[in-house]
Amino acid sequence: MEERIEKIKTEYQNRIQQAQTLKELDEVFLALFGKTGEITLLPKDFSSLSVEDKKIVGPLFNQVKIELEKAIEERRNEVREESYKKLETEKFSLQLPKLQAKERKGHLHPLTQLLQETIEAFEKLGFQQFDAPHIDSDYYNFEVLNIPEGHPARNLWDTFYLDPYNLGSQPGRMLLRTHTSNSQIRAMKQLGTPLRIMSIGRCFRYEAVDARHEHTLDQFEIVYVDKKVNMANLQYLSEYFLKTILGKDIKARMRPKYYPFVEPGAGVDGLCLFCKGKGCRVCGGAGWLELAGAGMIHPTVLKNGGIDPNEYSGIAWGFGPLRVAMLKYGIEDVRSFLSGDLRFLEKF
Ligand SMILES: [Zn+2]
C-alpha cells in the first residue's frame, strides 16, 4: 500500500508540473479528488490492512493528499502568472483583422501638391511665406491698395461683407478677403526692404459657381520690392513659374491689364490645352486661359507701406491654383477639385 501511495504521488506530481493550462490542472484535480478520483477511492482499501500498517499508511496518505493539493494550487498560480506576462510582452492590436485588410494609403490633395511645388520653386529664389487674415478690414483689403471706397474698380471683386446692410464708408468695415493682396501693406511695414514674400491661402468671392469660377478659392501671390526692379523681372518670374509648374511646352503671353494696385498691370495667359487655342467651354471661347495677374506695384501702394517709390520699385504677381490645376491636370470643371469626391481625387 505504501508503494501504491508513493507511485500516485510521483505520477501526479509530474502531471501537475507538466500542466500548461488551468484546464489541464482541473483535469488532474478531478483525477485525484473527484468522485472516482484515485485519492478519493484509495481509503476504501485500507480496511484490509493490519492495525500496524494502518498506523503507517494513514499519516502517509494524509501527507501525500495535502502535498498534491498544495502542488496543484501552486502550479495554478504559476500558470496564471505566466499568462499575465505573456499579455504584457505580446503586441496585440485592438483593430479587427477585417478593418486592417481594408486599410489604404492616402495622399495630398492635387491642389496642395501644386501649391507645395510652387512654394518650393519660389523658395529657391529667396521668397519667404507671409500670412494675412482671412477675415480682414476694408482698409487692408481695398483702401491701402489704392482702391478707396466708391472706386469703380471695387466692382472687380464681388465681396462678402460681414455686415451687408451697412454700406456706408467705414474704414473698419469687415469682410472676407477677396485676394491675398491684403498681405502687401502688412509685409512692407513689418519686413521693410528689400522684400521677397509669398502669400498663400483662401480667398472669397460673392460669385455664382460655374465651370471656371468658385466662391471659395486659393490664391498664391508674391511681392518683390527692391531697387531697380522692373518689367523684365516680372517677365522672368512668369516664365519661371509656368515652366516649373506646367512644363516647357506651355505657351504663354502677357497683355496689358488693369488692376488698381499696379502700374502697369499685366495678365499672364496660358494657351488653352483643351481646345489648343480654338476656343471652348473651359476658356469661354477665347482660346487662352488667364493664369496669373501681375504688375509693377503702384507708387501709392508703396507709399502706404512706408516705402519710398523714388528709391524702390516692386512687383506683385499672383495666380489662382484652381485655374492652373485645370491646365496642369487637364480637368475641365473647376468644381471637381473641391467636391471631395474620392473617385476623382484618387486619380492623382
Ligand atoms: Zn479652350
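Me: How many bridges join strand E8 to strand E9?
Reply: There are 5 bridges between E8 (residues 288-297) and E9 (residues 313-319), and the two strands run antiparallel. Strands (E, at least two residues) and helices (H or I, at least four) are DSSP runs, numbered from the N terminus. Two strands pair if DSSP finds at least two bridges between them.

Me: What is the bridge partner of Ala292 in E9?
Reply: Phe319 is the partner of Ala292.

Me: What should I know about the model itself?
Reply: This is a predicted model, where local features need pLDDT of at least 70 and side-chain atom pairs count only at pLDDT 80 or more, while totals for chains, interfaces and linings use all residues. Residues are numbered from 1 along each chain as its sequence is written, and side-chain values use heavy atoms, with hydrogens and water left out.

Me: Back to the sheet. What is the strand order?
Reply: The order is E1-E4-E5-E9-E8-E7-E6, an open sheet of 7 strands with mixed pairing. E1 (128-129) and E6 (252-256) are at the edges with a single partner strand each, so one side of each has no neighbour in the sheet.

Me: Which strands does helix H8 touch?
Reply: Helix H8 (residues 184-191) packs on the sheet and touches E1, E4 (195-204), E5 (216-226), E8 and E9. Contact means heavy atoms within 4.5 Å. The direction of H8 makes about 150° with that of E4; axes are lines fitted to C-alpha atoms, for helices over the stretch in contact, and angles run from 0 to 180 degrees between N-to-C directions.

Me: And helix H9, which strands does that touch?
Reply: H9 (residues 231-246) packs on the sheet against E5, E6, E7, E8 and E9, and its direction makes about 25° with that of E9.

Me: Different topic. Where does UniProt place the "binding site" feature?
Reply: The unreviewed UniProt entry places it at Glu263. UniProt positions are in the numbering used here, feature names are shortened, and annotations may be inferred rather than shown by experiment. Glu263 lies in strand E7 (residues 262-271).

Me: What does Glu263 touch?
Reply: Met296 and His298, leaving aside residues up to four places away in sequence.

Me: Last one: how do helices H2 and H4 cross?
Reply: The axes of H2 (residues 22-33) and H4 (residues 51-89) come within 10 Å and cross at roughly 170°. That makes H2 roughly antiparallel to H4; angles over 145 degrees count as roughly antiparallel, under 35 as roughly parallel, 65 to 115 as roughly perpendicular and the rest as oblique.
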